[in-house]
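I opened my notebook to look up salt bridges. Here is what I wrote down, entry by entry.

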Amino acid sequence: EKVSEEQIDKFMNRANKHIEYMSETIDDFRNFYKPSKSKNEFSIKECIDTLLYMVKNQFEDEGIKINFECEDIKILNYENELKQALLNILNNAKDALLSKKQKEYFEAIIYIKTSIQDNKLLIEVLNNGDLIDENIIDRIFEPYFTTKFEDQGTGIGLYMTKSIVETNMKGKIEVSNISNGVKFTICLSI
């Protein structure tokens, strides 16, 4: 009796908007995890924008900024597989950044850049979450290789990423240390 009909309507409208948003998110993820049956032409900018839209709140909540610079390019390949590969790289970057944040205060940033080089699409994902030990950097794409505690990782994510990029998408993926972090580079035919 203390709540007016106007307050109930306002609450119901807000609840319905949240439910619609959650329903759209479920549909996005359902499509996202469905492997592509055939190659399709798609915009790299739209592909990455869609992925970032799905994960941005999670990264923002952790205090991680994502900068995205894109030369918009259309390619013929497997869009959902590319999103899955990028998501694995972003999640690894997030783990590295959060680990570094436990030790020191700094501005955690992930940069995503796209460009064309020698008629190939380059997607670079850089983060400032410290370097990968030179003794293990060559092994990070091996199955079951992990630097995390057992309850935090299986070592399958980057192996899957390499498999998606190199086997399914016929591209190449590399990792290198940069001045204060790590750079993953995906190279795909246009």
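I started with a term. A residue is called partly exposed when its relative accessible area lies between the buried range, under 20%, and the exposed range, over 50%. I also noted that this is a predicted model.

Entry: the total. How many salt bridges does a search of the whole structure find? I got 6. I then looked up some of the pairs.

Entry: Arg139 and Glu142. These two form a salt bridge, with the closest N and O atoms 3.2 Å apart. I checked the accessibility of each partner. Glu142 has a relative accessible area of 32%, so I put Glu142 down as partly exposed. Arg139 comes out at 38%, so Arg139 is partly exposed as well.

Entry: Asp49 and Lys45. Their side chains meet in a salt bridge, at 2.9 Å from N to O. Where do Asp49 and Lys45 sit? I found both in helix H2, which covers residues 44–61. They are 4 residues apart there, so about one helical turn separates them. Asp49 has 32% relative accessible area and is partly exposed. Lys45, at 35%, is partly exposed too.

Entry: Glu124 and Lys183. I found a salt bridge here, and its closest N and O atoms are 3.5 Å apart. Is Lys183 buried or partly exposed? I read a relative accessible area of 22%, so Lys183 is partly exposed. The cut-off for buried is under 20%.

Definitions and conventions
Residues numbered from 1 in each chain as written. Predicted model: local features only at pLDDT ≥ 70, side-chain atom pairs only at ≥ 80, totals over all residues. Heavy atoms only, no water. Salt bridge = Lys/Arg side-chain N within 4 Å of Asp/Glu carboxyl O. Helix = DSSP H or I, 4+ residues; strand = E, 2+ residues; numbered from the N terminus. Buried < 20%, exposed > 50% of the residue type's maximum accessible area, 1.4 Å probe, protein only.
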